[in-house]
Amino acid sequence: MRLLSAAVTAMALTLGATSAMAAPIEIKFSHVVAENTPKGQMATKFAELVAERLAGKAEVKVFPSSQLFGDNKVLEAMLLGDVQMAAPALSKFQKYTDSLQLFDLPFLFKDMAAVERFQSGPVGQEMLTSLESKGLVGLGYLHNGMKQLSASNPIKVPADVSGKKFRIMTSDVLQAQFEAVDAVPLKKPFSEVFTLLQTKAIDGQENTWSNIFSKKFYEVQPYITESNHGVLDYMVVTSAEFWNGLDADLRSELKKALDESIAYGNSIAAQKDNEDKQAIIDSNRSEVIEISAEDRAKWVTAMKPVWKQFADAIGQNLIDAAEASNQ
């Protein structure tokens, strides 16, 4: 009887171990924006492709709108193994590398085509590896678009923002950018921006058309200036420990699905940039202000010294390569 009991126990343990081994690898994908944004739709697409192609091997669970972690905490959580993938704004990597501050420099890229040329080129691709010494792996760039300025007052020239409080991401470059025009930058989480604007705790913020629309910032900001002064892009990132610990074939399939999802998200970003801008105009809730070439030159003159201020930290060679992408 004891032998039978022992055999049953051993079989149960074996079946349990087999079942555990067969359980799909869970990939928690955390991000801070709404599901209908380019990033949100990219993450959803990735989850769908993994479910379709890797059922039983891997499962992606998406947590949008800071449900799991905000961008300021997600990289720490990733290194602890509490989340496996995220797509923070490039500004959020300042703590881990200086080079990615490049993307915060004002008026560096003239449009998203220039951004794409740089990121897909050899220098941009090499920058994906700049986090490896910190235990993070860059898997690709995700676009959102060029940034605009929204505010409680009309903005046309730099003097219009003097003394005004603007929410920024945690970025020393963005801080310097606003200080260069005598504005007051405040580093605040993305999830708090709407309330800060609604209660007039701040005067304005910078963001893409997609984020301004999806987060309804335009409903509490009477003016939006089409400045196109910077780029807001993301890096899809994972931890080196998690990524390198995967079976090579599974890792290859996940990367393939992710690349397709990023391409999908980037195509949506380009489309939504125009659609969301028009939706804001059609709402009649916020006036969109276009600035003249002459006024734009005033912004460039005021903000471009920030490039020199951060050249040593970022690398002049990277700034030169990025500027060359405008040609």
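Mentor: Start with Ala89, Leu90 and Ser91, then find Phe103, Asp104 and Met169, and finally Val231, Leu232 and Asp233: together these residues line the largest cavity. Please keep in mind that you are looking at a predicted model. Sorted by class, the lining of this cavity has six nonpolar residues, one polar residue and two charged residues. The space in the largest cavity comes to about 30 Å³, and a search of the whole structure finds one cavity of 30 Å³ or more. If you wonder how such gaps are found, rolling a probe the size of a water molecule over the atoms shows where empty space is left.

Now turn to the largest pocket, which holds about 230 Å³ of space. Its lining is made up of 21 residues, and those nearest the pocket's centre are Val32, Asp71, Lys92, Arg167 and Phe190. Three elements, α3 (71–79), β8 (204–207) and β10 (231–239), each give two or more residues to this lining. By class, the pocket's lining divides into nine nonpolar, six polar and six charged residues.

From α3 you can move on to Gln84, which sits in the loop between α3 and β3 (85–86). Gln84 counts as buried because its relative accessible area is 12%, under the 20% cut-off. The side chain of Gln84 reaches the backbone oxygen of Gly81 at 3.2 Å.

Last, follow helix α10, which runs through residues 248–283. Its 36 residues reach 50 Å from the first C-alpha to the last, close to the 52 Å expected at 1.5 Å a residue. At the start of α10, a side-chain oxygen of Asp247 comes to within 3.0 Å of the backbone nitrogen of Asp249. Further along, α10 bends by about 35° at Lys272. Asp276 also lies in this helix, and Asp276 is buried, because its relative accessible area is 4%. After α10 comes Asn284, whose phi is positive, near 60°.

Technical notes
Residues are numbered from 1 along each chain as its sequence is written. This is a predicted model: local features need pLDDT of at least 70, side-chain atom pairs count only at pLDDT 80 or more; totals for chains, interfaces and linings use all residues. Side-chain values use heavy atoms; hydrogens and water are left out. Helices (H or I, at least four residues) and strands (E, at least two) are DSSP runs, numbered from the N terminus. The expected span of a helix is 1.5 Å times one less than its number of residues. The bend at a residue is the angle between axes fitted to the seven residues ending there and the seven starting there. A polar contact is a pair of N or O atoms within 3.5 Å; within protein, one must be able to donate a hydrogen and the other to accept it, and residues adjacent in sequence count only if both atoms are side-chain atoms. On a 1 Å grid over the protein atoms alone, a cavity is a set of points where a 1.4 Å probe fits but cannot get out, and a pocket is an open set with protein on both sides within 12 Å along at least five of seven lines; lining residues have an atom within 4 Å of a point. Grid points are joined across faces, edges and corners, and a volume is the space filled by probe spheres set on the points. Ala, Val, Leu, Ile, Met, Phe, Trp, Tyr, Cys and Pro count as nonpolar, Asp, Glu, Lys and Arg as charged, and the others, Gly among them, as polar. Buried means under 20% relative accessible area, exposed over 50%, partly exposed in between (1.4 Å probe, protein chains only).
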